[in-house]
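User: I would like a close look at a single part of this model, with the answer given as one connected account.

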Amino acid sequence: MNFRSVADVSTIVDKNLSFLTQREYELIVGIPRSGLLVGSIIALKLNLPIVTLEQFLNNSKVKTGKTRKTRKYIDRTHGARKVLLIDDSYNTGKSFKSALDELSQLDIPDLVIDKAVIYSSVKIPEFLDFYLEFVPQPRAFEWNLFHSSIVSKTLFDIDGVVCEDPSEQDNDDGVHYKSFLLNAPPLNIPTQRVLGFVTSRLEKYRSETEIWLNENKIQYDSLKMSTHKSARERQQAQDHGVKKGIVYRDSNAILFIESEYKQALQIVKVSGKCVYCTETNELYQPGCLDLITNKEGLKCYIKNKLKGIKFVRDIYFNFKRQK
């Protein structure tokens, strides 16, 4: 399984910054919606304006931040002569074909449009001028993980993934807990039918769990719950990750989404399959266990996490300066 985060997008753009700068773009055009995410990162790093495909087609007025001047002033989109049309990824080419069909209606002399994506699963993609990284299937992206077709082959934890974790007060294995289960604030709600849920919630709370899933319009094939008789018994057993790992191992799922870091590693170890952890925003694979538990691997892991934090900080201050 190949996984890429928003921080990974920033990293690959940095590696290709010289290449992108030399192409002397005047405007970035993002294909909605994911193209606007990656396009914004490129636009910020190159200090260029960005518009949607629709804005470009309509010759809309180009707007930028109040405190930051872009490299070249363009009043309206059709004033640009060198444009980068960008999307996050390429697989079948349908999105790009649709965008190019719309652009074919334009008649702008001397207009040059480079067509590109960040990640391609095809080594020689039709319609594209270039891509920044070859990432074959199966693959998953942080920004659309819960809304892609991969969820049909994915097992989900519940608390901390699709809804908030219960507070200490809620977790009384009684009246407060039942109330929480029926009214838990949603987090990441999958928009496609998921393969199943595997949770440490006790079997005796199946009814409340099913009611919540139904009210939040989550479609799923199966719901596997803990067979422990009480929360205290479950806590003493400390087998959350192991039991999830066994269910995952014996299923045809290709991905498990878990909320807790330690459980995620246990699930990988037991199942021998990939696990995405929402707590760390990392995808853990069977070969990574030794790496992240030895000294050099830990250094590498911390370095990557700090890089991700720096990316978020830089984006925050970039937007703050534009206000």
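Which residue stands opposite Ile-257 in β12? Please also describe the sheet and the core around that position.

Analyst: In this predicted model, the residue opposite Ile-257 in β12 is Tyr-276. The two strands concerned, β11 (residues 255-258) and β12 (residues 275-277), run parallel and are joined by three bridges.

Both strands belong to an open sheet of six strands with mixed pairing, in the order β10-β9-β8-β11-β12-β13. The edges are formed by β10 (223-226) and β13 (282-284); each has a single partner strand, so one side of each is left without a neighbour in the sheet. From one strand to the next, the twist averages 20°. Across β9 (196-202) and β10 lies helix α7 (residues 206-215), which runs at about 145° to β10.

Ile-257 also has a place in the largest nonpolar core, which holds 30 residues. Together with Leu-145, Phe-156, Phe-197 and Leu-255, Ile-257 is among the residues that touch the most other members. Two or more residues of this core come from each of α6 (175-183), β9, α7, β10 and β11, and α6 gives the largest share, three residues. In soluble globular proteins, nonpolar side chains tend to be buried together.

Phe-197 illustrates the contacts made here. Leaving aside residues up to four places away in sequence, Phe-197 touches Phe-156, Asp-157, Ile-158, Val-162, Leu-213, Ile-218, Tyr-220, Ser-222, Leu-223 and Lys-224.

Technical notes:
Residues are numbered from 1 along each chain as its sequence is written. This is a predicted model: local features need pLDDT of at least 70, side-chain atom pairs count only at pLDDT 80 or more; totals for chains, interfaces and linings use all residues. Side-chain values use heavy atoms; hydrogens and water are left out. Two strands pair if DSSP finds at least two bridges between them. Helices (H or I, at least four residues) and strands (E, at least two) are DSSP runs, numbered from the N terminus. Axes are lines fitted to C-alpha atoms, for helices over the stretch in contact, and angles run from 0 to 180 degrees between N-to-C directions. Contact means heavy atoms within 4.5 Å. A nonpolar core is a set of buried Ala, Val, Leu, Ile, Met, Phe, Trp, Tyr and Cys residues joined through side-chain atoms within 4.5 Å. Buried means under 20% relative accessible area, exposed over 50%, partly exposed in between (1.4 Å probe, protein chains only).
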